[in-house]
Amino acid sequence: MIQTRPFLQKSKFAHRTAIVRALKGLEDLIGLSVVDYLMGEKGWKFSTPEEQPGSIPDDINNAQYIRELYFKANPNYEGRFTVPVLWDKKTQTIVNNESSEIIRIFNDVFDDFTPATKGKTYYPEHLRAQIDEINEWIYDTVNNGVYKCGFATTQEAYNRHIEPLFKSLDRLEEILSKHEFLVGDTFTEADIRLWTTIVRFDPVYHTHFKTNKKTIEHDYPNILRWARQIYQFPKIADTVNMHHIKHHYFESHKQINPTGIVPINDGPDLAHPIIKHKNA
Ligand SMILES: N[C@@H](CCC(=O)N[C@@H](CS)C(=O)NCC(=O)O)C(=O)O
């Protein structure tokens with residue numbers, strides 16, 4: 001069980017799992033590979049750090065592409081070749097490729113091997129109903145909402161998805177004006193799941209996915225305070241590589257951005273000192 005290795009990249013879904021891996025202190029138990037930010041015809045590719053700084057190759061299977069792992073796990077595989085992938089070195093197969101499940105595995109399965117973080121949970125029993133409820137509408141309208149706007153191929157589809165996205169951001173702003181975190185004043189997986197989308201919002205989605213009604217930096221002071229607060233937790237900043245994030249989206253989605261030009265804005269300075277919420 002402990003010989004596992006997730007393959008990650010700078011996708012917001014994979015990023016969630018990197019955060020929980022760090023917060024739960026699993027670095028020595030669970031290895032990490034980071035794919036090349038450029039997703040080409042064959043999908044996610046492994047590169048060496050010399051080829052692309054920030055990349056970590058697959059030194060277990062020596063795979064060149066993520067797809068090879070899917071076929072190694074199942075030669076008849078017919079689905080998408082997505083990240084994250086949680087790979088079991090021992091049984092040589094994919095244990096899981098769903099970020100929301102991987103973060104729960106990391107949250108509690110390895111506790112006996114990590115005394116320093118044993119019992120630390122981002123999905124506490126007494127808050128589960130609230131976490132599940134908030135995850136649901138955030139996933140639909142925000143995490144996935146930005147994609148629905150960005151990949152819309154008709155004006156009608158874009159119009160249909162843009163309003164629920166900003167309605168949810170307004171609702172999140174309201175929640176965070178009253179509380180330190182999304183579920184009261186406890187930092188939970190709901191915050192982690194949303195945070196990786198918010199970090200990408202101004203530098204990527206606002207331009208690339210045309211979600212430009214408002215920005216986090218100028219229109220959502222409480223979301224910005226919350227985003228900075230989490231960024232400033234120990235180990236979190238190291239999970240963010242804004243160069244990879246921006247170059248991934250703007251260079252990989254040629255149907256949206258045929259020139260591959262990467263715009264200049266890196267989003268708000270998340271390291272900027274914050275005034276904590278009054279309940280903190
Ligand atoms: N349900 C998956 C979704 C993962 C997912 O869609 N990953 C994207 C990156 S943002 C991907 O790898 N896409 C590659 C493809 O669809 O070919 C999760 O949350 O883990």
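Good morning. In an unreviewed entry, UniProt lists Trp44, Arg80, Phe81, Thr82, Val83, Glu98 and Ser99 under "binding site"; UniProt positions follow the numbering used here, feature names are shortened, and annotations may be inferred rather than shown by experiment. The model is predicted, with local features needing pLDDT of at least 70 and side-chain atom pairs counting only at pLDDT 80 or more, while totals for chains, interfaces and linings use all residues. Residues are numbered from 1 along each chain as its sequence is written.

I begin with phenylalanine 81. This residue lies in the loop between helix H2 (66–73) and strand E3 (85–88). Helices (H or I, at least four residues) and strands (E, at least two) are DSSP runs, numbered from the N terminus. Phenylalanine 81 counts as partly exposed because it has 18 C-beta neighbours inside 10 Å. A residue is buried with 20 or more other C-beta atoms within 10 Å of its own, exposed with 12 or fewer, and partly exposed in between, the C-beta atoms being placed from the backbone.

Next, serine 99 lies in helix H3 (residues 99–108). Is serine 99 buried or exposed? Serine 99 counts as buried, because 27 C-beta neighbours lie inside 10 Å. Leaving aside neighbours within four places in sequence, serine 99 is in contact with Phe13, Ala14, Arg16, Thr17 and Pro84; contact requires C-beta atoms, placed from the backbone, to lie within 7 Å.

Finally, the domains. The assignment gives domain 1 (4–117) and domain 2 (125–252), with bounds from an automatic or database domain assignment. Their contact takes 14 residues from domain 1 and 16 residues from domain 2. On the domain 1 side, helix H1 (residues 12–23) provides the largest share, 8 residues.

Key: Contact = placed C-beta atoms within 7 Å.
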